[in-house]
Amino acid sequence: MLYEELLEKIDDQFLSKDKQSTISVCVAAGCLALGSDKVLEELKRIFPDRKVKGVGCLGLCSRGTLVRIEPEGFVIEHAKPDNIDEIVNFIQNPEKIGDENKKFYEKQQKIVLKNCGKIDPESIEEYILNEGYKAFLKCLNELSPDEIINEVIKSGLRGRGGGGYPTGLKWSTVAKMQSPIKYLVCNADEGDPGAFMDRAILESDPHRIIEGMLIAAYAIGANRGYVYVRAEYPLAIKRLKNAIKNAERFNLLGTNIAGTTFNFNLEVRLGAGAYVCGEETALIASIEGKKGTPRPRPPYPAESGIKNYPTLINNVETYANISTIINNGSGWFASIGTDKSKGTKVFALSGNIKNTGLVEVPMGIKLYDLIFEIGGGIPNDKEFKAVQTGGPSGGCIPSEYLNTPVDYESLVHLGSIMGSGGMIVMDEDTCMVDMAKFFIDFCKSESCGKCAPCRNGTVQLYEILDKITKGEGNERDLTTMVKIANTMKKTSLCGLGQSAPNPVLSAFKYFKDEFYEHVLHRYCPAGVCKFNGGNR
Amino acid sequence: MKIKTFTIDGVELSGREDQTILEVAREHGIKIPTLCHLEGLTPIGSCRICIVEIDGKRFAPSCITKVEDGMKIVTNNSEITEYRKTILEMIFAERNHICSICIANGNCELQNLSIELGMDHFEIKNQYPRCEVDLSHEKYGIDHNRCVLCARCVRVCAKIEGAHTKDISGRGHNARIITDFARGWGEAETCTGCGKCVQVCPTGALFEKGKPVGARKKRDFLNYLKIMRGQ
Ligand SMILES: Cc1cc2nc3c(=O)[nH]c(=O)nc-3n(C[C@H](O)[C@H](O)[C@H](O)COP(=O)(O)O)c2cc1C
Ligand code: SF4
Ligand code: SF4
Ligand code: SF4
Ligand code: SF4
Ligand code: FES
Ligand code: FES
């Protein structure tokens with residue numbers, strides 16, 4: 001089956017309605033929680049002649065519910081069910097909608113989120129009409145597995161799950177393994193506090209993941225795949241399952257796909273609830289029905305994964321890039337971004353920032369542009385203090401480094417990491433000791449307890465920071481803190497323990513004075529820590 | 001089987017590709033401290049005491065890391081010692097160790113390690129967790145105050161005895177050794193009473209009632225087992 005033949009399978013009803021006058025209501029989790037489904041129903045009733053549909057996340061979630069009207073391209077904010085008259089008024093008089101958030105939309109570059117907020121996530125037809133499955137059918141009909149892998153290698157795509165391992169290299173390793181059975185896994189266990197990139201993609205454009213996985217499966221020779229989704233994401237799970245069913249209906253999943261001999265079965269598995277289950281070896285154990293704890297690598301999953309068969313595991317966003325790389329070519333993709341970090345990255349902006357929400361930007365963008373141009377800066381006339389990237393595995397970056405380009409190497413150089421895309425902005429009222437304590441507390445409760453440095457180090461670091469925030473710390477505690485942090489970093493078994501000290505070490509590196517104020521003068525410059533007997 | 005060549009502490013050595021750094025080191029009389037490792041049991045690399053430095057840039061547990069061509073392995077320097085000491089100190093602080101009243105006093109691998117690593121003072125704060133002592137089994141007891149979570153007991157019970165009585169339950173610092181469905185050891189129906197777990201336990205956590213550890217523990221019995229089976 002060619003893409004043109006697939007298009008012919010689509011029922012006329014999806015083509016007929018005038019595309020030009022669409023009203024799109026966000027029905028991703030953020031807006032849905034605000035009652036956007038009611039808004040959608042009302043608008044459908046009020047405008048029977050226009051195409052009114054539910055779409056995925058539009059990005060500016062903090063101003064939800066968002067309603068976008070075409071052809072104007074304007075976005076109505078705070079469209080609550082009880083403001084329906086006002087919404088109708090705006091739709092009839094679009095010129096009244098302000099565009100104060102123009103910068104938010106304009107400075108972004110969308111590959112992964114291309115369809116987010118544009119297509120109905122529950123309709124495979126809309127996905128197909130937007131070039132959906134075109135890349136996969138091209139691979140199946142025209143390209144050899146080697147050619148596909150070469151494209152991915154040449155694109156320079158690196159894993160978006162946090163580590164940034166070259167995707168093409170991983171694919172070729174699994175492809176080279178001689179094995180009758182190979183598995184494919186999509187890691188959608190997203191557990192960083194403040195991160196919701198993968199959830200938004202699954203809720204807004206689930207077929208993009210299926211297509212990316214199909215291409216990967218064909219390229220490496222896998223016939224079975226799993227999407228391992230956090231159980232706390234019911235909407236994403238529902239939409240993904242619906243998408244799988246529809247893809248099967250169109251003969252894009254299952255046996256003899258698109259009339260060829262290629263078979264691929266995709267299943268959804270629900271996460272066991274622990275953060276560490278997102279670590280690849282723990283995730284594999286969990287899929288096998290065992291307790292989800294990490295095991296030492298090597299062997300890497302690429303050699304020995306599910307039931308000891310070669311297994312390719314990639315993140316949601318990694319798979320979401322694949323179809324566009326095939327459609328537009330590796331050269332096009334590699335022209336975006338920096339020397340070693342290609343393409344775009346999706347970030348979830350949160351914390352003390354005006355525009356909290358989901359953004360996609362080219363790699364190499366300056367932190368300043370991301371936070372102040374797209375993010376709109378700090379609310380309430382406060383000063384910027386630091387930004388935390390990489391969640392509990394990352395570190396904080398102070399204002400001196402706002403000119404740093406966002407790419408894998410630069411962030412590591414500053415003691416942080418790219419991570420999966422959580423970006424928490426902190427203003428002058430944030431105490432960095434308290435912040436470090438928050439993240440280590442998270443790691444303390446998420447440590448699986450298998451290896452001694454992480455199991456004990458997280459507790460010890462927490463206790464020390466807790467002491468300091470209570471005004472009971474001393475200089476020796478700081479030395480012990482650094483010693484433990486370094487030991488954990490160098491000797492822990494998995495990424496959780498190896499990176500858990502990052503928030504502590506980076507806060508101490510850039511805000512040393514603040515730590516010393518706490519221990520020497522019982523003073524919290526941000527005024528957050530309440531000491532017995534008050535400040536100073 | 002391929003032969004690999006590498007250096008340990010500057011000395012050129014070779015070993016089979018399936019050998020770990022620890023195995024080769026021990027064959028050549030190079031001492032590397034270990035805790036969770038016990039010959040005859042599947043290694044799990046969890047205590048991290050046996051770390052060595054590889055190629056001057058990364059640290060890896062020698063008990064599970066296979067030798068590779070060209071590796072430059074260092075088994076001891078000030079950085080390694082600092083990490084080992086910190087890990088060990090944290091293991092001590094994790095539970096309630098009072099050697100003077102412990103049945104394992106004088107025959108404890110944890111105690112021996114602290115002597116070996118020259119731990120003369122402790123900086124890390126004790127956690128003082130509340131831990132139970134389970135004496136419900138007719139012959140044996142477990143004192144969680146002295147457990148280092150090395151999982152030797154879990155492994156010997158599952159892999160050698162085949163009983164699968166012991167397991168670890170709980171996450172992070174709440175992890176505890178359990179028997180069957182976390183009931184008293186005496187109620188564990190799968191337990192054959194073989195005592196293998198008691199023999200391999202490095203500390204005073206597992207013990208035979210009424211006997212001091214010194215008189216009892218035969219931690220190298222697995223080696224004999226291996227030899228007897230011709231493995
Ligand atoms: C504690 C821990 C949690 C992780 N959680 C996730 C996660 O939620 N999602 C994810 O894609 N990768 C996660 N990873 C990274 C995975 O182990 C793995 O590297 C990744 O899924 C590989 O995909 P990629 O190459 O496409 O990035 C985690 C790693 C660690 C150490
Ligand atoms: S580093 Fe932490 S989470 Fe990872 S295996 Fe060790 S204890 Fe478990
Ligand atoms: S188990 Fe070892 S270290 Fe712990 S109290 Fe007994 S003798 Fe001391
Ligand atoms: S006595 Fe034997 S069967 Fe019982 S728990 Fe110990 S090793 Fe397992
Ligand atoms: S009881 Fe003994 S053998 Fe079992 S984990 Fe604890 S210290 Fe190790
Ligand atoms: S959830 Fe509606 S805009 Fe993000
Ligand atoms: S002895 Fe090697 S990790 Fe415990």
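**Close-up 1. A:Ile87 sits in helix α5 of chain A, in a predicted model.** Helix α5 runs over residues 84-92; helices here are DSSP runs of H or I with at least four residues, strands are E runs of at least two, and both are numbered from the N terminus. A:Ile87 is buried, at a relative accessible area of 2%. Buried means under 20%, exposed means over 50%, and partly exposed is in between (1.4 Å probe, protein chains only). What does A:Ile87 touch, leaving out residues up to four places away in sequence? Its partners are A:Val39, A:Leu43, A:Ile76, A:Ala79 and A:Lys80, where contact means heavy atoms within 4.5 Å. Take A:Leu43: 44 residues separate it from A:Ile87 in sequence, yet their C-alpha atoms are 8.9 Å apart in space.

A quick note on reading these views: residues count from 1 along each chain as its sequence is written, while chains are lettered from A and ligands numbered from 1 in the order in which they are written. Because the model is predicted, local features need pLDDT of at least 70 and side-chain atom pairs count only at pLDDT 80 or more, though totals for chains, interfaces and linings use all residues; side-chain values use heavy atoms, with hydrogens and water left out.

Close-up 2. Where is A:Pro298? Look in the loop between α14 (280-287) and β8 (311-315) of chain A; A:Pro299 lies in the loop between α14 and β8 too. Most peptide bonds are trans.

**Close-up 3. A:Ala258 and B:Asp180 have positive phi angles although neither is a glycine.** A:Ala258 has a phi of about 50° and belongs to the loop between α13 (234-249) and β7 (265-270) of chain A. Is A:Ala258 buried or exposed? With a relative accessible area of 5%, A:Ala258 is buried. In chain B, the phi of B:Asp180 is about 40°, and this residue is found in the loop between β9 (176-179) and α5 (196-200). B:Asp180 counts as buried as well, at 15% relative accessibility.

**Close-up 4. Helix α3 of chain B has buried residues under cover.** The helix spans residues 109-116, and its buried residues are B:Glu109, B:Leu110, B:Gln111, B:Leu113 and B:Ser114. Their cover includes α2 (78-94) and α4 (152-160) of chain B. Just past α3(B), B:Gly118 takes a positive phi of about 60°.

**Close-up 5. Ligands 3, 4 and 5 have chain B residues around them.** A residue is near a molecule if one of its heavy atoms lies within 4 Å of it. Which of the 13 residues around ligand 5 come nearest? They are B:Cys147, B:Cys150, B:Ala151, B:Cys153 and B:Cys201. The ligand 5 shell has eleven nonpolar, one polar and one charged residues. Nonpolar covers Ala, Val, Leu, Ile, Met, Phe, Trp, Tyr, Cys and Pro; charged covers Asp, Glu, Lys and Arg; the others, Gly among them, are polar. Around ligand 3 there are also 13 residues, with B:His97, B:Cys99, B:Cys102, B:Cys108 and B:Gly204 coming nearest. Among the residues surrounding ligand 4 are B:Cys157, B:Cys191, B:Cys194 and B:Cys197; its shell divides into six nonpolar, four polar and two charged.
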